[in-house]
Amino acid sequence: MTPKEYWSFNVKFVSVLLSIWAFVSFGCGMVFAPWLDQFKLIGTEYPLGFWFAQQGSIYVFVMLIITYVIVMNKIDQKYKGDTK
């Protein structure tokens, strides 16, 4: 993997992760909140749109960070191995 391929992959991967985060944060938390509010979380009385706006987007963001770390560690190891 060349440095250009590495950087290209990194930019594309970050773009996908940020798109997912934007959809969950803004889409589910604001734009689709009225529609999602018809559903309730299991065992609670909180509407799903409210949950995404308050907590769901934070959980998704943390999962995206963990995903980024795992994938980039694998890519870094592969990239490091190609340069030896």
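Visitor: What radius of gyration does the chain have, and what would a compact globule of 84 residues have?

Guide: In this predicted model, the chain has a radius of gyration of 18 Å, whereas a compact globule of 84 residues would have one near 12 Å. Taken along the principal axes, the C-alpha atoms fill a box of roughly 55 × 25 × 15 Å.

Visitor: Which secondary structure elements does the chain hold, and in what order do they run?

Guide: The chain comes to three helices and zero strands, and from the N terminus on the elements run α-α-α.

Visitor: Why is serine 57 called buried?

Guide: A residue is called buried when its relative accessible area is under 20%; serine 57 has a relative accessibility of 12%, and therefore counts as buried. Serine 57 lies in helix 3, which spans residues 48-82, and, leaving aside residues up to four places away in sequence, serine 57 touches Trp21, Val24, Ser25 and Phe52.

Visitor: What share of the chain counts as buried, and what supplies the exposed area?

Guide: By that cut-off of under 20%, 24% of the 84 residues count as buried. The chain exposes about 6300 Å², and carbon and sulfur atoms supply 70% of that area.

Visitor: What share of the contacts join residues at least 24 apart?

Guide: Among contacts between residues at least 6 apart in sequence, 60% join residues at least 24 apart.

Terms used. Residues are numbered from 1 along each chain as its sequence is written. This is a predicted model: local features need pLDDT of at least 70, side-chain atom pairs count only at pLDDT 80 or more; totals for chains, interfaces and linings use all residues. Side-chain values use heavy atoms; hydrogens and water are left out. Helices (H or I, at least four residues) and strands (E, at least two) are DSSP runs, numbered from the N terminus. The radius of gyration is taken over C-alpha atoms; the globule rule is 2.2 Å times the number of residues to the power 0.38. Buried means under 20% relative accessible area, exposed over 50%, partly exposed in between (1.4 Å probe, protein chains only). Contact means heavy atoms within 4.5 Å. Accessible areas come from the Shrake-Rupley method with a 1.4 Å probe; for residues, only the protein chains shown count as cover.
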